[in-house]
Amino acid sequence: MDRPKFEIRDLSYYYGSNRALHRVSLEIPANAITVLFGPAGGGKTTLLRLLNRLNDLVPGTRLEGRILLDGKDIYSPDVDVPALRRRVGMVFALPLPLPMSILENVTYGPRLSGLKNSKRLLEIAEKALRGAALWDEVRDRLHEPALSLSGGQQQRLCLARVLALEPEVILLDEPTSGLDPISTAKVEESLKALKKNYTIVIVPHSVQQAARLADVAAFLLMGELVEYGPGPRLFTRPQDKRTEDYITGRFG
Amino acid sequence: MRRLRRLNPRTVDRLVGGLIWAAAVATLLILLFVIVYVSANGFPRLSWGFLTGKPQNMGRAGGIWPMIVSTAAISAMAVLIATPVGVATAIYLTEYTRESLLTRAIRFGTEALAGIPSIIFGLFGFVFFVVYLGLGWSLLSGALTLSLMILPTIVRTSEEAILTVPRAYREVSFSLGASRWQMVTTVVLPGALPGITTGVVLGLGRTVSETAAVILTAGSALHLPRSIFAPGRTMAVHFYILAREGLSDNMAWATGAVLLLSILLINVVINRALVALVRRRAVR
């Protein structure tokens with residue numbers, strides 16, 4: 001197997017005196033979908049947000065251990081954090097288009113890094129919107145407010161906005177929790193198509209979704225990594241009793 | 001309390017509804033009364049010559065063109081000085097620092113500053129700008145003094161406006177690789193613009209209508225100011241002197257009408273502009 005995209009080594013994380021993650025070690029392979037699942041409060045979202053240092057914004061936290069991206073510690077002091085976040089994009093649980101037009105939303109990231117050529121921006125937008133399976137629905141209304149889109153469209157717009165950064169990794173935090181089944185299926189299809197070119201880490205909104213998507217699955221319980229391995233194996237023959245109890249619906 | 005509880009909630013509701021309605025109507029009526037009273041006394045005496053002419057005989061006759069110019073210059077300068085400083089302070093407080101002794105000190109300072117009577121600002125402006133810095137009675141001294149006076153308003157309204165921008169937008173912006181300053185300029189400021197503008201307009205209104213602080217720092221010279229280092233008399237000061245010294249009630253009312261009109265105009269124009277802007281940017 002190739003070198004993993006992310007190597008998480010002995011990671012513990014605290015909000016004040018509250019421990020959210022306890023000695024988690026995990027490898028996230030490139031060009032695959034890694035699923036972080038488990039009951040609420042298990043530390044999935046925290047772990048996800050540590051991967052692009054979004055939790056830097058939360059005061060009073062403490063991190064122990066290391067997170068390596070392509071072998072390099074992303075928490076070392078010389079890291080350019082905005083550049084890291086362009087390499088590791090994030091889609092949030094709720095669709096959060098910025099109060100701008102559709103086009104301005106998709107091109108937000110490239111414009112931040114100084115790209116001004118409107119023809120080039122439009123090309124990037126088209127490619128990103130196609131990647132998120134939204135182009136056909138919005139091609140004639142790119143200058144309308146993003147907030148005029150439906151919930152499902154907004155979430156695909158948020159995915160497109162991340163794709164426009166041409167990131168290496170895409171993090172998704174329950175991206176379909178606010179969506180209907182048809183929109184959910186569309187997002188899932190997009191993700192499966194995208195994994196050829198991207199490393200995807202997702203916190204799913206259900207065990208079923210975890211099982212549908214996982215190339216690699218990691219089960220987190222109360223801040224501890226209980227078990228991780230290839231998705232098909234983990235969901236059919238879990239090694240740990242707690243994993244089995246959770247995926248068969250005995251708790252959670 | 002016991003009696004109140006025995007009352008039928010529907011009756012209480014109607015009673016309270018009526019009282020609230022009466023309060024709102026009273027507010028409106030008082031406002032209308034002031035506007036109508038000033039207009040009725042002032043408008044009949046307005047003329048093109050009054051707006052564009054020089055005052056004659058200490059303001060008993062002639063026009064108020066120099067006062068219009070002085071007012072516009074002092075208010076514009078005060079707002080142009082106070083807005084960047086005030087908005088920057090608000091951004092610092094909300095986006096660039098966590099709660100600390102320093103932020104509490106700044107907040108306490110602005111709040112204390114907001115409660116100080118304008119005459120004290122005038123005195124300070126006189127001692128510091130006019131005398132110590134040697135700017136003399138001038139439009140600049142007046143503007144600097146007024147900018148200090150409206151700074152707290154602008155800081156506080158800007159801070160409140162900035163805090164209404166959802167935290168999630170900031171996270172989205174950061175997650176797409178924005179630096180802090182990029183996040184502020186692309187997400188926070190556009191979202192907070194209506195609120196910030198409200199604060200600036202409030203401040204502008206105060207500079208236009210201020211008298212005490214202006215007399216002490218910009219003087220009350222009747223002639224047209226030729227530079228920002230020249231003294232000048234604003235419309236509010238002119239109104240005050242005409243009325244206070246019994247020079248001419250008619251001219252005072254006419255000046256008052258122009259003052260009122262300009263404040264209404266500022267509010268209407270800026271409100272229109274804001275509504276247009278918000279419509280263009282946002283929802284549905």
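Predicted model: local features only at pLDDT ≥ 70, side-chain atom pairs only at ≥ 80, totals over all residues.
The axes of H4 (residues 65-96) and H9 (residues 180-209) of chain B come within 9 Å and cross at roughly 140°. Axes here are lines fitted to C-alpha atoms, for helices over the stretch in contact, with angles from 0 to 180 degrees between N-to-C directions. Helices (H or I, at least four residues) and strands (E, at least two) are DSSP runs, numbered from the N terminus.

Turning to chain A, six strands form an open sheet with mixed pairing, in the order S6-S7-S8-S3-S9-S10; two strands pair if DSSP finds at least two bridges between them. At the edges are S6 (88-91) and S10 (224-230) of chain A, each pairing on one side only. Neighbouring strands of this sheet are turned by 15° against each other on average, direction ignored. Within the sheet, S3 (residues 33-37) and S8 (residues 199-203) of chain A pair in the parallel sense over three bridges. Thr34(A) has Val201(A) as its bridge partner in S8(A).

A word on conventions: residues are numbered from 1 along each chain as its sequence is written, while chains are lettered from A and ligands numbered from 1 in the order in which they are written. Local features need pLDDT of at least 70 and side-chain atom pairs count only at pLDDT 80 or more, whereas totals for chains, interfaces and linings use all residues.
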